[in-house]
Amino acid sequence: MNLNKDTVYRSAKAESKNRMINDGGGLYLQITTQNHKRWYFVYTFESKRKKLSIRVYPAVTLETAREKAREARESVAKGVDPAETKAQVKKAKKQASTNEKLIEAGLPVVDSFEYVCRQWLADTAHTVRDITQQKKFRRFELYVFPVIGRMPIVAVKSPDVFAIVRPLIIKNQLETAHRVRSDISAAFAYAIAHGFTDYDPAQAVGAQIPAQKVTHNAAITDPKEVGQLLRDIGNYQGTFVVQTALRLSPYLFQRPGEIRQMEWKDVDLAAREWRYFVTKTEVKHIVPLSRQAVEILESIKPLTGAGQYVFPSSRGDGRPMSDGTVRTSLKSLGYEKDVMSAHGFRTTASTLLNEQGWSPDAIERQLCHMPRDQVRAAYNRAQYLDERRRMMQSWADYLDGLKTGATIVPFRKIG
């Protein structure tokens, strides 16, 4: 099969045109007009004539070139394109070099799960609120990247994903387990769409996580028990800021996080309104302030009115009152979380106002149970506002009556 001896190639000289010397079996030595000599393997693959470079001569000897040609012929016989194989090897070497530099810089390697996941997070950042994105990224940092972050995304299997959520299941952190698995699955959906991998190993894991039991926020709805709760709140001996937040909560019945983060710039005591942006539903909301609510806010304004928050943190760090403060104060009064929660003031108001005959639509609007439709939000912001003003004052008067133990006939919506 081999046609020439090494002396033929060693003594070959450049001519006016590039030329090829055939060694047999598809192996050729090309000699350019500048007398550069390079080995090539010429072959046919899938009906196409192709040429594979085997580097220069004499750095690559005749013997080595023939061995490379033999390996290439075997690849073609097996249905594998040697040129494609060479390109893949070259790409792998280049990626390995790049990865080494990335690892030294503390960055995720190319085509690893973390690499693709960060691309997905960046590409979808505009679709969610900043705080939602921050929480999602934090979950990846805490639970996911340490386990599969550096793995090639194509190598991640379902057991790898289950290894991430299993500790959370054992700790009964089922909500977090479901969120983490869902986040991983969303990252794989992006990876599939962009050609990084072919399937989602997180999908099979979902059925292995026990269902999260829905727990409703405990609330007192019996009027006599509500009256006792209000009297207990009136006797609370905590700091004045916490006392005030606790006293105001039943009158406003907004989400605890919104009350503790109430800002003075959003409060208009003259107009008796609290206008703010509700991040949970992404709408602007108006809370009419009853006479009693205004009096409570006026009592704390000399203390905190010069600052940003109505209920600032006791640490003096420029933050609002800590999450869970109202819950803790209720517990100190003897109300465990399965009896009355900070969120329960909403349930108390909703239940009793509905029983009193107020419009369910007005009640739901006052609770800010709104769809995330910005057009509807703009239209609905002041919806039922006149009725809600009457309702909020009636509710405050009703609570005061319960607190004193008087027999109260609440104002009812007519027509």
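**Strands, helices and cores**

Q: Which residue in S7 stands opposite Glu-273?
A: The model is predicted, so that local features need pLDDT of at least 70 and side-chain atom pairs count only at pLDDT 80 or more, while totals for chains, interfaces and linings use all residues. Residues are numbered from 1 along each chain as its sequence is written, and side-chain values use heavy atoms, with hydrogens and water left out. Strands (E, at least two residues) and helices (H or I, at least four) are DSSP runs numbered from the N terminus. In S7, the residue opposite Glu-273 is Pro-288.

Q: How many bridges join S6 to S7?
A: Two strands pair if DSSP finds at least two bridges between them. Strand S6 (residues 273-278) and S7 run antiparallel, and Tyr-276 stands opposite His-285 in S7. The number of bridges joining S6 to S7 is 6.

Q: Which residue in the turn between S6 and S7 has a positive phi?
A: S6 and S7 form a hairpin, with 4 residues between them. The positive phi, of about 55°, belongs to Glu-282.

Q: Which are the edge strands of the open sheet?
A: The sheet has 3 strands in the order S5-S6-S7, with antiparallel pairing. An edge strand pairs on one side only. This applies to strand S5 (267-268) and S7.

Q: Why is S7 described as largely enclosed by the rest of the structure?
A: A buried residue has under 20% relative accessible area (1.4 Å probe, protein chains only). Strand S7 (residues 283-288) is largely enclosed because its buried residues number 5 of the 6.

Q: Which residues have the most contacts inside the largest nonpolar core?
A: Such a core is a set of buried Ala, Val, Leu, Ile, Met, Phe, Trp, Tyr and Cys residues joined through side-chain atoms within 4.5 Å. The largest one has 53 residues, and the elements giving two or more residues to it include S6, S7 and helix H16 (385-404). Those with the most contacts inside it are Leu-252, Trp-274, Leu-289 and Phe-311.

Q: How are H4 and H7 oriented to each other?
A: Axes are lines fitted to C-alpha atoms, for helices over the stretch in contact, and angles run from 0 to 180 degrees between N-to-C directions. Helix H4 (residues 113-124) and helix H7 (residues 174-193) pack at about 90°, with their axes 9 Å apart. Angles of 65 to 115 degrees count as roughly perpendicular. H4 and H7 are therefore roughly perpendicular.

Note on methods: Parallel < 35°, antiparallel > 145°, perpendicular 65-115°, else oblique. Buried < 20%, exposed > 50% of the residue type's maximum accessible area, 1.4 Å probe, protein only.
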